[in-house]
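Subject: Structure for your files

Dear colleague,

Here is the structure I said I would pass on.

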Amino acid sequence: MRSFINVQDIGPLEKALAEAQEIKNDRYKYQHLGKNKTLMMIFFNNSLRTRLSTQKAAMNLGMNVIVLDVNAGAWKLETERGVIMDGDKSEHLLEAIPVMGCYCDMIGVRSFAGLTDREYDYAETVLQQFIKYSGKPVFAMETATVHPLQAFADLITIEEYKKVVRPKVVLTWAPHCRALPQAVPNSFAQWMNAADVDFVITHPEGYELDPKFVGNARVEYDQRRAFEGADFIYAKNWSNPGVTNPADYGKITSKDMSWTVDTEHMSWTNNAKFMHCLPVRRGLIVTDDVIESENSIVIPEAANREISCSVVIKRMLEAL
């Protein structure tokens, strides 16, 4: 595996899930693969779970790890071509990337959407430059449009907690005080479409995700109807994707607090497990009583980030 961005990159999900369980049973089984190999993690944005879980996974596999926070520990980087660099950006990404590639065997990149230019964001401009110019295998640690390590961990968690062969999984929009990217819901939708689940997406009208991620999911604008009979509720805010109205891209066009997941909402389900990628704004996305309930699996879900990343790095090491 040379790059990891989308669900197709991981191959058959049954095999990937079996591999995840194998690694969970013995996290150091493949430590020999990373001996004398170096992972470079590039962060253009803040991180807690991604930084910690990815570094831990690489160390479990015997790798050396270099972490570069571009905003705090490097020259400010220019990402646009054809510009006159007379501002505060001292180095161009096109020189920085191949230099980074000289010092490592594999690169993880985290770069969020700007939420102002949909075409630029959805072209994955920054990530694609790393893939093209680094000369090294590259995986996404969340990008402008996807977060595959999170979605893979979500799938592992659902497999561990499901009580029926084909559970009903609901991705629900919830209100937020800030405009957030669509990366997590995009990837979650993509991975659930590839998995053997009954998948429903619910959100206010106008918040439709890009069709290439929605796939065959059922879209339901009535949140209560969507929740009925659900086995898993995955709450997540996203800003307007600009699908129905490009001018709304990246904007908050709804703050409807009736979409906040509370005890009443969960009572509509089939005693569903509550999921969220974290960090979560309590009182906006979900109430305290729901996220602290015995049906909340947000911590095991976060723990599985180490496992999903271990599978991905292992696959890349095996291909070196």
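A disulfide is taken here as a pair of cysteine sulfur atoms within 2.5 Å. By that rule the count in this predicted model comes to zero disulfides.

Two cysteines show how far the sulfurs are from meeting the cut-off. For Cys 277, the closest cysteine sulfur belongs to Cys 177 and lies 14 Å away, so the pair is too far apart for a bond. Cys 277 is buried, at a relative accessible area of 7%. For Cys 309, the closest cysteine sulfur is in Cys 104, and at 14 Å this too is too far for a bond. Cys 309 is also buried, with a relative accessible area of 1%.

Next, the helix pair. Helix H4 covers residues 93–102 and helix H6 covers residues 125–133. Their axes come within 9 Å and cross at roughly 50 degrees. H4 and H6 are therefore oblique to each other, and the crossing of H4 past H6 is right-handed.

Which residues make the contact? On the H4 side they are Leu 93, Leu 94, Ile 97, Pro 98 and Met 100. On the H6 side they are Val 126, Gln 129, Phe 130 and Tyr 133. By class, the residues of this contact of H4 with H6 comprise eight nonpolar and one polar, with no charged residue.

Regards

Terms used
Residues numbered from 1 in each chain as written. Predicted model: local features only at pLDDT ≥ 70, side-chain atom pairs only at ≥ 80, totals over all residues. Heavy atoms only, no water. Axes fitted to C-alpha atoms, helices over the stretch in contact; angles between N-to-C directions. Helix = DSSP H or I, 4+ residues; strand = E, 2+ residues; numbered from the N terminus. Parallel < 35°, antiparallel > 145°, perpendicular 65-115°, else oblique. Left-handed = near helix turned anticlockwise from the far one by under 90°. Contact = heavy atoms within 4.5 Å. Nonpolar A, V, L, I, M, F, W, Y, C, P; charged D, E, K, R; others polar. Buried < 20%, exposed > 50% of the residue type's maximum accessible area, 1.4 Å probe, protein only.
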